[in-house]
Amino acid sequence: MSTRALRRLKGKQRGQEALDLGELTLGESPEEQAEAEEEHFNPADASPSSDNTGSTRKGKKNKAQKNFTNIYELIGDPDHEGEKISADEEADKPDKNVTGGTGINDKQTENQVQRCDGVTSKSADRVKKKKKKKKTKVASKDGEEASSDNIDLLLENLEQSNGVSLQNEDCGGSDRRSMLHVEHRNLNPETELKRYFGARAVLGDLRPRQRNRHFHRSTWMTSPKDSWPRFTRPGISMTLLETKDGIQYFTFEHSRDYQHVQFKFLDAVESMDPNNIVALLQLNPYHIDSLLQLSDVCRIQEDQEMARDLIERALFSFECAFHPLFSLTSGSSRLDYLRPENRAFFLALYKHMMFLEKRGCPRTALEYCKFILSLDPDSDPLCMLLVIDFLALRSREYKYLLQIYQEWEEHRNLSQLPNFAFSTALCHFHLSQQEDVDADERAKLREEANQILQNALIMFPGVLMPLLDLCTVQADTAVTSHSFFGIKNQIGQLPALAELTALYVGRTYNLWREAPVMLWLEESVKEVLRRVDAKDPLVEDCQNKRKQRYQSAPRNIHRHVLLSEIKEATSSLPLEVTTQPVMGFDPLPPLDSVASYARPERQNAGASNESTLSLFFRSLLPNFNLQGGPRLEDEMEVARAGQELNQEVNRLMVAMRDMLANIRFQEPPREDNPYRDEEEWD
């Protein structure tokens, strides 16, 4: 008879019942350890004496670890019935360990058979014990479930007390969190470039150089470079204002020293000399607005590498000032764009996103777009909904685009934006072209794409002709001569709709240049013309909607158009936007801004006791004051005199420019000298 059969007859399988999930157990009982030792034990090298001593030691060890073989015994009822052991089992403990050895002679086998005869006489008691053990195990499982429920309840209470809950069931926060959730690994553009070109092509010979690299703080958005100036805190900090419904509201704050640097920066901007900003950055290398403004100057001068480097330095300075509870990825951290201290962070993220898209990293740019949208999803100050569809199509995140359209359409009316109306149709078309889609699903997606594109062309007919012009496609005569897509309809568009249409066409025309897409567009245009000629009621309905809904565009759309720098869209901006000065560090600030500190008024000198040289220097340097002492005149008179002085200086400068432009130098008349050597002057 085998040792396993003897063990079963002796009732030594307590705590070895198999769990429900197959053969998986959380720990090995002493009997299983004995079986494992039996399998690896060599009977030829073993002696009976060694077996007895080894089994005795194992028995002591198993006796010490008895209470930890079954994890369910730790969570039981208060009576601890599962830990009670009868006297019979205590008497059988040494025998368990003796039979665990494999070097068993015939005498030991006979003794074990005799013991089995005595054990079988107690079978009735064993049945009662098994029933009791089953009840104890059921009670322990119930206790485990109750304890797990208590742990979950404690965690929920802790999250609510700290305000770090990511979901808000009352206001639909769970849907927003799923849409605005950002992945850390996708914030690094090198991750996307490695996916395209491989790590060897991206990193190159950078790995050996990292040995001599200086220590920098680990950040998610940017990687600090050795060429950057040594980082010192510029005076920016982040404060947690409040926590409401699981959403945390933060704001950036400027120290007193940083405010003084900000005032110097505003003076440098008014001087219209970029060298003043460069001089300010030499003293304060991590001043945010100076970095943003100088980045625009470098970009205008076509120094893209330097412009991108300045934006990354600004983001690094911001990230070093983050609050410990501020999260990049959860989508539950908010910043108010009405505060001037927060606007620079929005603008730095947006410009970094556009640099990433031009660099060929649309997936990384999409993550930054979601992050910007999560900072203020209700007001959306930079109108990220006008660009998120383009980035999703560029990165081939078709399912994400359809998901955000389906979940946000009810409370955002995304179908009334030309970019979503056409991009969702293009998204369905690309999904129908995938090879891993079966025939029925492909036909269904193609039919949905046709229907959505036709509705988009009926709602926004002004998109077709500019799109074909940028794609260098000659439209058919039946299309150009039709009144629905003709030039008359183009001219009759409302200004707000023309602005949105030009923005979408100028940004996404490259996505429509593909041959299959253009053939699909041609089929849809023919079907739309057929529906228009057939007096489809949808045509008249869409015409009424266009007249009612696109009277004027909000200020955030104008701000987005200025930041996009798409010439087709900027040319359609209204006069009230184009006639006012636009600063790169704060384009079109909100009309209801919340300023935490104000810029002190500059003391303008009067015109009575100043010389012409002093006035000339003042026109170049607004802060120039020859006398330097405080003025005794009234503040209103000083301000009025300063305005008149500026006007007179401007008129003087214009007159000087005209005079210098009209000056013509004439050569002096040459006198005929018969004694002059002709070869003297060549």
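Helices H19 (residues 418-432) and H20 (residues 439-459) cross at roughly 160 degrees, and their axes come within 8 Å of each other. That makes H19 roughly antiparallel to H20, since angles over 145 degrees count that way, those under 35 as roughly parallel, 65 to 115 as roughly perpendicular and the rest as oblique. The axes here are lines fitted to C-alpha atoms, for helices over the stretch in contact, with angles running from 0 to 180 degrees between N-to-C directions. H19 passes H20 in a left-handed crossing, meaning that the near helix is turned anticlockwise from the far one by less than a right angle (clockwise would be right-handed).

On the H19 side, the residues in contact (heavy atoms within 4.5 Å) include Phe422, His428 and Phe429. H20 brings, among others, Arg442, Arg446, Glu448 and Leu453. The contact splits into 11 nonpolar, 3 polar and 3 charged residues; Ala, Val, Leu, Ile, Met, Phe, Trp, Tyr, Cys and Pro count as nonpolar, Asp, Glu, Lys and Arg as charged, and the others, Gly among them, as polar.

A word on what you're looking at: this is a predicted model, where local features need pLDDT of at least 70, side-chain atom pairs count only at pLDDT 80 or more, and totals for chains, interfaces and linings use all residues. Residues are numbered from 1 along each chain as its sequence is written, and side-chain values use heavy atoms, with hydrogens and water left out. Helices (H or I, at least four residues) and strands (E, at least two) are DSSP runs, numbered from the N terminus.

Here are the helix pairs side by side.

| Pair | Angle | Axes |
|---|---|---|
| H19 and H20 | roughly 160 degrees | within 8 Å |
| H15 and H16 | about 160 degrees | 8 Å apart |
| H12 and H13 | about 135 degrees | 10 Å apart |

H15 (residues 340-359) and H16 (residues 362-375) pack at about 160 degrees, which makes H15 roughly antiparallel to H16. H15 passes H16 in a left-handed crossing. Phe345, Phe346 and Met353 are among the H15 residues in the contact, and Tyr368, Phe371 and Ile372 among those of H16. This contact divides into 12 nonpolar, 2 polar and 1 charged.

H12 (residues 274-283) and H13 (residues 288-300) meet at about 135 degrees, which makes H12 oblique to H13. The crossing is again left-handed. The tally for H12 with H13 is 8 nonpolar, 2 polar and no charged.

Now for the sheet. It is open, with 3 strands in the order E1-E2-E3 and mixed pairing (strands pair if DSSP finds at least two bridges between them). E1 (236-244) and E3 (333-335) stand at the edges with a single partner strand each, so one side of each lacks a neighbour in the sheet. From one strand to the next, the twist averages 35 degrees. E1 and E2 (residues 247-254) run antiparallel and are joined by 8 bridges. Leucine 240 stands opposite phenylalanine 250 in E2. H15 packs on this sheet too, touching E2 and E3, and its direction makes about 105 degrees with that of E2.

How far to trust it? Mean pLDDT (the predictor's confidence in each residue, from 0 to 100) is 75 for the protein, and 60% of its residues reach 70 or more. Over residues 158-177 pLDDT stays under 50, and the model has 23 contacts beyond four places in sequence for them. Where pLDDT is low, the predicted coordinates should not be read in detail.
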